[in-house]
Amino acid sequence: MDLSRHINVRWLKPPVFLLCLGPIAHLVWMGFHDELGANPVEYITHSTGTWTLVALCVTLSVTPLRRILEQNWLIRFRRMFGLFAFFYGSLHFTTYIWLYSGFDLHAMIDDVYKRPFITAGFTAYVLMIPLALTSTSGMIRRLGGRRWQLLHELIYVSALAGAIHYYWLVKSDERVPLRFAAVVALLLGYRAIFYAFQRREKAAAAKKSARESVLSA
Amino acid sequence: MLIKKPSDIPYSEITPKAVYMNRRKFLAGVAAATGAVTLAARPVSEWLEPQSVLADGTKLGPLAKSPYSTSETLTPIKDVTHYNNYYEFGTDKSDPAKYSTKFVTSPWSVSVDGEVNKPGKYDLEELLKLAPLEERIYRHRCVEAWSIVVPWIGYSFSVLAKMADPKPTAKFVAFQSYYDVKQMPLGQQAGIELPYVEGLRLDEAMNPLTLLTFGMFGETLPNQDGAPVRMVMPWKYGFKSIKSIVRVRFVKDMPPTTWNIANAHEYGFYSNVNPQVDHPRWSQASERRLDGSFFGKRIKTAMFNGYADQVASMYTGMDLRKYY
């Protein structure tokens, strides 16, 4: 049952948008009420990073959900979720270069070069930039569907690099990073399986049509 | 000028909240006792029961000032008591304050044994009387690259060591923390082996800076900060300053230490604060000083956390990159 027959999807967009702003609104509220703890820079870094991963996972879950639940209209939220992943990623990155590093370029270059977990994080963020820049319908048209699709598969690398970044930075308690890694693995695994099945079906269909054309010849 | 400036008043002379709150409790108790004694069969003395001498928040004093104290800005007590690494009570920074409230720290005793002529078991009350209590305002530098300034209360560990009279065979001192799954259920998910153990070379333990610590900010230690007795070595990364000690053992060989067991590549036995030797995953060249300003301040990390004058001589000729 396609739910879009019963609900106007366009009316859903503003409330979902506001929901996605929830985390940053909450963070700002806590900041003004001195509830960020003893080390606000660490709290903000941790929070924005976590929400980036959450947003990435939500974005990656759109396609599996729309296929499994047969709700194609979900695709209309994918760009919003993806851009929010970029938004929170940008907040996390800005916190790193401004609040954490104090714009110390030398220290940051050192970090990216010498600390694997920062290399992973930096990669995850940088790969989102071309995706954000080409997120408009105009860009889809300019690039052409096929090229756009290929470029945007970079989000898989982003999500993986992000999960690795988190896992590599914790000292001993690995539970939360492992949970994120499991979710990312699941979402990417779904695609791998779907792709494998698609290829099998295409191969079978190709064989079938080749046989039929021979028979009808 | 008779009227003191706030900075002239040592923290130890400020009446702690627990003391004046207890006076109110006392008065309330008297009122309740008078009312209830006719109704209840309980003796009046039960209502007027004095608070245990060493319950959380008891004032400690008088405190001698120490030449080892720094005059840097103190970290607000709210931050020192709500930003803790005490994994037995949870791994988030805010967990220990939340989950250590029921931790029982009285009665408490510390056993001292191993390569000593006078082994013994000391009650907390006995320990508190071994030497005059000093206030030592130390910088405390975490391996995670943040730091605080804390007015600790205690006396040099060497006092206790001399009472035990180490034999010539004693080369190291091993410490062990309290651990009990019933009071510390979250410890099972900490990712480190418990009970928490630590160790020092004998000369490090005998260094006057090494503080057997009973309090902070003029009072006994809060549970989340390692009540009722802990160590503080300000020239080393904070994880070496073991909390809630139950056992001190003088040993011949380098003892195991919890973070070294968890990850030997990252956490060495010495773990001296050293801006030139990076942690494998992050730089140790700078730290965020939590001084009460909103974001804190990023400052350069000093060799031995600024205590080189007192400790550097213990490490002359040692390759501190090898012995991290």
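**Notebook: helices and a chain contact**

Helices are DSSP runs (H or I, at least four residues), numbered from the N terminus.

This is a predicted model; local features need pLDDT of at least 70, side-chain atom pairs count only at pLDDT 80 or more, and totals for chains, interfaces and linings use all residues. Residues are numbered from 1 along each chain as its sequence is written, and chains are lettered from A in the order in which they are written.

From α2(A) I noted Gly49(A), Leu53(A) and Leu60(A) among them, and from α9(A) Ile155(A), Gly162(A) and Tyr166(A) among them.

Next I turned to the contact between chains. Chain A gives 16 residues and chain B gives 21 residues. On the chain A side, α2 (40-68) and α4 (105-114) each supply at least two residues.

Last, I looked up helix α6 (residues 157-164) of chain B. Its buried residues (20 or more other C-beta atoms within 10 Å of their own, C-beta atoms placed from the backbone) are Phe157(B), Leu160(B), Ala161(B) and Ala164(B). Seen down the axis of α6(B), they fall within an arc of 100 degrees (by the directions from the helix axis to the C-beta atoms), so they line one face of the helix. After α6(B) I found Asp165(B), with a positive phi near 60 degrees.

Note on methods
Two residues are in contact if their C-beta atoms, placed from the backbone, lie within 7 Å. A residue is buried if 20 or more other C-beta atoms lie within 10 Å of its own, exposed if 12 or fewer, and partly exposed in between; C-beta atoms are placed from the backbone.
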